[in-house]
Every structure is written in structure tokens, then in C-alpha cells.
Amino acid sequence: MTDTAHTQLTTFTQALQTFERGDHTAATLSTLARQQTTLLAALPPRYSEVLLNLLDRLESSALFSEESCSFSQKDLVANLAMWVKKATESLGPQV
């Protein structure tokens, strides 16, 4: 299970990088992230809560031009990158 969780974390990390480059929409990133069910199950419940909250805000921010929304996309991407870092630490080394 941990190997799959690590694989799904890598998939999400790559999708986040693709989004940062402008090659994915917020909706695409959000859909992909929500499909990483093994990863979310392997992490403490608060990780799912935080991720889903960030994804909801990211999707909302995409409805507005750049930074006109109360949710800064740049800040949300930075928070998602921090989430990835913390999730990596929580999962521990790959076996």
C-alpha cells in the first residue's frame, strides 16, 4: 500500500508542476488529486481535509482573473507544494 501511496504522491507532484507551468487547468489538477485515494487513505485524516480545502479554493480562484479573487493562485500553489512536502514526510521512506 505504501508503494502505491508514494506513486500517487509522485503523480500528484508532477501534476502540480504541470499546473504551475500552465499546462493543466485547476479543474484538471483538482480531479487528478481527488483520484489519489490510496495516498489520501495512507495519510492522517487532516491531510485530506487540508488538500480538499486547498483544491476547492484553487478551483474558485480559477473563476476569476489572476489575483482578483480573495484566493491568490500563487499562494495556493505554494501551500499545495508545502502539503506535498509534509505528505512526503508523513509517508516516510519508500520501502
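Analyst: This is a predicted model. Its largest nonpolar core has 24 residues, of which F12, L29, L51, L80 and W83 touch the most other members. At least two residues of this core come from each of α1 (2-21), α2 (26-34), α3, α4 and α5 (73-91). The largest share, 7 residues, is supplied by α5.

User: Which residues does W83 touch beyond four places away in sequence?

Analyst: W83 touches L9, F12, L39, L40, L43, Y47, V50 and L51.

User: Why is L43 called buried?

Analyst: The relative accessible area of L43 is 5%. Buried means under 20%, so L43 with its 5% is classed as buried. L43 lies in the loop between α3 (37-42) and α4.

User: What makes W83, A87, S90 and L91 contacts of L43?

Analyst: Contact means heavy atoms within 4.5 Å, and L43 is in contact with these residues when its neighbours within four places in sequence are left aside. The C-alpha atoms of L43 and S90 are separated by 7.0 Å, although the two are 47 residues apart along the chain.

User: How do you know that the buried residues of α4 line one face of the helix?

Analyst: The buried residues of α4 are Y47, S48, L51, L54, L55, L58 and S61. Seen down the axis of α4, they fall within an arc of 160°, and therefore line one face. The face turned away from this buried side carries the exposed residues P45, R46 and E49.

User: What span is expected for α4, and what does the model show?

Analyst: Helix α4 (residues 45-61) has 17 residues and reaches 25 Å from its first C-alpha to its last, which is close to the expected 24 Å.

Key. Residues numbered from 1 in each chain as written. Predicted model: local features only at pLDDT ≥ 70, side-chain atom pairs only at ≥ 80, totals over all residues. Heavy atoms only, no water. Helix = DSSP H or I, 4+ residues; strand = E, 2+ residues; numbered from the N terminus. Expected span 1.5 Å × (residues − 1). Buried < 20%, exposed > 50% of the residue type's maximum accessible area, 1.4 Å probe, protein only. Arc of directions from axis to C-beta. Core = buried A, V, L, I, M, F, W, Y, C linked by side-chain atoms within 4.5 Å.
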